Amino acid sequence: MIDNYYTIDSPQNAEIKIKGSKFIGYVFPVSNKEIAILKLHEIKVKHFDATHNCFAYKIWNSNEYRTSDDGEPSGTAGTPILLTIKKYDFNDILVVVTRYFGGTKLGVGGLVRAYTKSAESVLELCEKKIVNITNAVLVNCRYEEISLVKRIINEYAVSFAEEYTDVVRITAQIPLSKTDNFISTITYSTNAKASAIII
């Protein structure tokens, strides 16, 4: 069971030239398809005069990806960009490579290498950002159990928030692979005086 994945912290761009053609690579962190499409539209507006605006995006939560060759021969642009994203082990990102044709045709192999190199040149600039995959678990306990419960939460949780009223309510973000053990440990250690449920 996977408890985390990697995305990027901030947008980047990089430009390379190959046989007269200019390739501008852009990368954006995107958490869903709608944001990816919006960012793609912004690039197309910015580079309305470009020969091609090819792209690939990969979204973790929906396990969704999409590629486009935008007029280049089939499989020579979008797929190499996507394969480069996978090579760098990134998710929740959009990579757009804008090409201004320089007069020399690159051929199928040359295009694949050019779009791969452009995607690599921008992804190399990115800092990896870890995203934790968690369950939100609500823990209810009495004040008598709080020190024990907090020790368990500190051991398991990525983060947590507390609410103190007549009882203590703690919402803890627990990694997927540890959720069952966390719940059973809370129940067993407190003799079921504290409860823990996924919300």
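Student: Does tyrosine 26 count as buried or exposed?

Tutor: This is a predicted model, in which local features need pLDDT of at least 70 and side-chain atom pairs count only at pLDDT 80 or more, while totals for chains, interfaces and linings use all residues. Residues are numbered from 1 along each chain as its sequence is written, and side-chain values use heavy atoms, with hydrogens and water left out. Buried means under 20% relative accessible area, exposed over 50% and partly exposed in between, with a 1.4 Å probe and protein chains only. Because its relative accessibility is 8%, tyrosine 26 counts as buried.

Student: What is the angle between the planes of tyrosine 26 and phenylalanine 28?

Tutor: Rings of Phe, Tyr and Trp (its six-membered ring) pair if their centres lie within 6.5 Å, and planes under 30 degrees apart count as stacked, over 60 as edge-to-face and the rest as tilted. Phenylalanine 28, at 11% relative accessibility, also counts as buried. The two rings are 6.4 Å apart centre to centre and form a stacked pair, with the angle between their planes being 5 degrees.

Student: Which residue forms a stacked pair with tyrosine 88?

Tutor: Tyrosine 88 counts as buried because its relative accessibility is 18%. Its stacked partner, with 6.4 Å centre to centre and 10 degrees between the planes, is itself buried at 2% relative accessibility: phenylalanine 90.

Student: How far from the ring centre of tyrosine 65 does lysine 86 lie?

Tutor: A charge sits over a ring if NZ of Lys or CZ of Arg is within 6 Å of the ring centre and within 35 degrees of the ring normal. Lysine 86 lies over the face of tyrosine 65, and its distance from the ring centre is 5.3 Å.
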